[in-house]
Amino acid sequence: MPQEEKTAVRDERYDVQRVETKWSDRWQQDPALYAAEPNSTKPKYYVLEMLPYPSGALHMGHVRNYAIGDALARYMWMNGNNVLHPMGWDSFGLPAENAAIANNTPPRVWTLRNIDNMKAQMKRLGFGYDWSREVTTCFPEYYRWNQWFFLKMYERGLAYRKKSKVNWCPKCCTVLANEQVVNGNCWRHEDTPVEQRELEQWFLRITNYADELLRDLEKLGGWPEKVRTMQRNWIGRSEGALVDFELGGTVGPAGSKITVFTTRVDTIYGATSVQLAPEHPIVADMIAKNPDLRAKVDQLIAEQRKAKEVGDIGEIEKHGVFTGRYAKNPFNQEALPIWVANYILMDYGTGAIMSVPAHDERDYEFAKKYKLPLRLVVLPLGGDTEETAMDPPLPFVAEDGLVVNSGEFSGLTSSQALKKMAEHAEKNGFGKATVTFRIKDWGVSRQRYWGTPIPMLFCEKDGIVPVPEKDLPVLLPENVEITLTGGSPLSRVPEFVNATCPKCGGPARRETDTMDTFVDSAWYFYRYTDAHNDQKPFDSATVAYWFGDRGIDQYIGGVEHAILHLIYSRFWTKVMRDLGLVKNGEPVERLFTQGMVIKEGAKMSKSLGNVVTPDEMVARYGADAARLYSLFAAPPDRDLDWQDSGIEGIQRFLGRVYRFVMRNARPGSAEWRQPVPKQLSPQARQVQRKLHQTIKRVTDDFRGRWHFNTCIAAIMELVNELYATEDNNGQSSSAIPLPLLAEVQRDLILLLAPFAPYIAHELWETLGEHGNLLRAPWPKYEPELAKEEEIEIPVQVNGKVRGRVRVPADADQALVEQRAFADEKIKAAISGKKILKKIYVPGKLLNLVVQK
């Protein structure tokens with residue numbers, strides 16, 4: 001029996017605002033509370049959530065993301081790890097410019113004000129970040145290293161400038177990378193179709209790393225397969241051949257030949273037309289003096305754009321227009337009609353194909369529509385010769401077959417012909433085997449103000465000249481007029497534009513484009529490890545400690561970044577490796593993508609009026625309840641449908657925990673820290689068993705699938721068990737020996753601490769614990785104590801449950817059968833029937849198969 005102590009009666013009412021304000025103030029006074037330990041011998045653990053754009057206020061989607069990472073960080077601290085858990089701000093970007101126009105507020109002022117607000121929200125929510133490592137990407141001490149990296153890439157030929165067609169968002173008034181075009185629209189303005197414009201742009205040669213980016217996906221076993229698949233598809237590796245089809249004379253500046261890319265050169269004798277993307281340069285030449293053709297091509301472009309807008313380009317109704325021109329097939333000298341087709345994409349291959357309708361489904365559909373001929377040149381591998389092979393139904397698209405009607409290549413298998421025909425094209429100077437990628441070089445030029453200035457100069461004498469490293473950073477000027485017209489606002493700032501050429505000393509013009517903001521987020525997590533280094537981006541030895549050979553231990557963020565931030569950061573890491581700055585070839589070992597927070601069946605949106613703000617939730621229910629509900633309401637990788645009634649239930653649960661501890665904490669008792677007795681009453685043993693089962697469930701989830709909703713449910717079950725024990729003993733915990741009651745309360749608080757740190761710290765103190773809860777050892781479960789003494793076995797008759805029997809946990813089949821045959825319900829179900837088979841799954845079920 002617990003020994004009573006004389007203590008003042010505690011207030012059992014949980015005053016959440018008082019408790020959380022007390023601990024928030026206390027934590028702010030300890031700047032080293034969440035700091036990583038220098039020169040530690042503990043195992044390191046780097047956990048990171050994707051840094052936010054400082055838009056002004058956190059939303060519940062942020063809270064869910066950060067609550068996941070914070071729970072993991074706290075669990076790792078409690079398990080004796082040296083944890084790095086930083087936070088920063090992806091603070092360049094277009095919204096700041098839009099706000100400057102709408103509110104007449106300079107982007108820097110708007111951005112820093114938002115950062116202050118969001119940082120205060122994060123602190124109030126109790127997130128355990130090491131703010132001494134805070135990174136703000138719009139500060140010169142950060143973006144100077146963006147510029148330094150750009151110069152290093154320029155030296156290595158990885159940064160270059162060219163005139164090209166680019167994606168232009170008329171609302172952003174800037175260029176978008178291919179990855180920022182979603183279903184034909186701007187990724188920021190989802191209802192704004194992207195236009196094509198031709199501009200001089202800076203590019204980074206991400207294609208130089210395309211093979212490695214694709215190959216190394218196999219190393220990322222800790223990434224979700226859906227993310228790896230998205231990246232694999234975006235990189236889009238295709239093996240095939242380039243083949244030149246000669247035009248009948250030069251059409252214009254684009255030249256006198258059409259180069260097609262094909263993965264099936266073995267079918268080239270079956271080509272009956274050449275088809276071009278509507279935006280192919282040769283099409284531009286053809287329509288320059290042909291207004292009728294121009295109008296038809298413009299219609300194809302419009303159709304293609306519309307299909308991209310709905311994300312269904314593969315299902316587009318196929319339309320085309322004959323140009324009146326022909327191109328010569330170099331294999332058989334046949335003149336093939338040149339068509340422009342809306343299903344041919346300029347960003348795949350060369351933007352030109354040879355159409356082989358007998359062996360391609362899309363070409364077949366197009367040929368049937370426009371009555372183009374079909375020519376069979378591959379047969380199934382059913383016979384040994386052309387004569388014995390059977391004609392297949394068209395289109396015949398099998399990857400291998402018997403090549404026929406193909407001159408000297410007839411009789412080869414497709415796999416043989418692919419190699420020999422590519423060799424023949426290269427030997428005769430009209431083609432070669434090649435590999436193409438869907439991914440294109442990363443266009444990083446942006447015609448806007450609020451971004452990293454590109455550190456390049458244009459000199460009339462010496463051309464393009466890089467800014468010397470000693471002159472970095474190229475500072476972004478302040479008090480710049482921002483409009484949505486006329487290109488980059490920097491071009492209208494003479495003191496920025498006009499410069500001196502470092503090579504010849506003459507006048508030079510500074511580049512006025514700024515960098516894509518995905519440059520900022522491509523390497524920020526390395527800067528966290530050495531955030532105040534003013535001599536280099538970071539210390540390589542420090543990065544080697546935190547990243548090791550495999551990268552960040554755990555990275556957490558939205559799946560929407562799969563082919564933007566995550567591809568760019570992988571590319572940047574490989575470049576840094578080749579520069580000798582890092583040893584790891586991948587930035588992230590394990591990636592977790594959390595689901596969205598929605599309400600009333602829709603993504604939270606101001607326009608829908610369904611936004612739930614963290615400030616509102618904290619004011620009404622407390623930070624712990626907001627955090628705990630965001631983890632409890634759904635598995636972290638699934639969408640969470642917000643319900644106010646749900647967070648109210650979480651608040652009630654926290655109140656129950658608080659009241660139980662307030663009633664039962666006896667830290668002044670002599671028995672409080674005594675060992676738990678070996679001999680326990682059945683009630684006490686049940687509480688002890690439930691405690692160790694809960695420790696196991698929560699620990700296993702942290703180590704495995706991260707279903708924190710089931711972790712929290714297990715803690716709730718433990719609390720229910722404690723209350724049930726009180727109810728069975730006149731609202732008293734007297735049935736539980738005080739040493740066990742002390743252990744149960746301590747371990748309950750330890751289990752709750754990663755999810756609800758405020759109440760956990762308050763109750764930890766109530767229990768008389770004076771050490772830092774964040775560094776308190778995680779509770780250990782004992783298998784023997786977690787094991788059920790008795791278990792319930794369902795008994796089926798012909799597969800239907802007819803009863804249940806209780807047996808010792810280690811009971812054998814004979815005892816289970818004995819108890820089953822003694823059960824009245826089971827006896828009735830098998831009465832007068834012959835038992836044909838007994839199927840026993842140890843500890844799970846007994847199925848009796850009887851004669852019907």
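Is C501 buried or exposed? C501 counts as buried, at 2% relative accessibility. The views below show this residue and other sites in a predicted model.

View 1. The closest cysteine sulfur to that of C501 belongs to C459. The gap is 3.7 Å, too far for a bond. A disulfide needs two cysteine sulfur atoms within 2.5 Å. By this rule, the model has zero disulfides. Another cysteine, C711, is buried, with a relative accessible area of 0%.

**View 2. The second largest pocket.** This pocket has a volume of about 350 Å³. Its lining holds 21 residues, and those closest to the centre are P106, P107, Y449, E478 and N479. Three helices each supply at least two lining residues: α3 (94-103), α4 (107-124) and α5 (140-155). Helix α4 gives the most, with three residues. By residue class, the lining of the second largest pocket divides into 15 nonpolar, three polar and three charged.

**View 3. F149 against W523.** The count of aromatic pairs in the model is 56. In one of them, the ring centres of F149 and W523 lie 5.1 Å apart. Their planes meet at 70°, so the pair is edge-to-face. F149 sits in helix α5, while W523 sits in the loop between β25 (514-515) and α13 (524-527). The pair links distant parts of the chain, 374 residues apart. Both F149 and W523 are buried.

**View 4. Y209 against F571.** Here the ring centres of Y209 and F571 are 5.6 Å apart. The planes stand at 75°, so this pair too is edge-to-face. Y209 lies in the loop between β9 (195-204) and α6 (210-215). F571 lies in helix α15 (residues 565-578). The pair therefore ties together parts that are 362 residues apart in sequence. Y209 counts as buried at 7% relative accessibility. F571 is buried as well, with a relative accessible area of 0%.

**View 5. One aromatic cluster.** Which residues form one aromatic cluster? They are Y142, W145, W148, F149, Y209, W442, F518, W523, Y568, F571 and W572.

**View 6. Charges over rings.** R26 lies over the face of W23, at 4.2 Å from the ring centre. K318 lies over the face of Y343, where the distance to the ring centre is 5.7 Å.

Conventions
Residues are numbered from 1 along each chain as its sequence is written. This is a predicted model: local features need pLDDT of at least 70, side-chain atom pairs count only at pLDDT 80 or more; totals for chains, interfaces and linings use all residues. Side-chain values use heavy atoms; hydrogens and water are left out. Buried means under 20% relative accessible area, exposed over 50%, partly exposed in between (1.4 Å probe, protein chains only). On a 1 Å grid over the protein atoms alone, a cavity is a set of points where a 1.4 Å probe fits but cannot get out, and a pocket is an open set with protein on both sides within 12 Å along at least five of seven lines; lining residues have an atom within 4 Å of a point. Grid points are joined across faces, edges and corners, and a volume is the space filled by probe spheres set on the points. Helices (H or I, at least four residues) and strands (E, at least two) are DSSP runs, numbered from the N terminus. Ala, Val, Leu, Ile, Met, Phe, Trp, Tyr, Cys and Pro count as nonpolar, Asp, Glu, Lys and Arg as charged, and the others, Gly among them, as polar. Rings of Phe, Tyr and Trp (its six-membered ring) pair if their centres lie within 6.5 Å; planes under 30 degrees apart count as stacked, over 60 as edge-to-face and the rest as tilted. A charge sits over a ring if NZ of Lys or CZ of Arg is within 6 Å of the ring centre and within 35 degrees of the ring normal.
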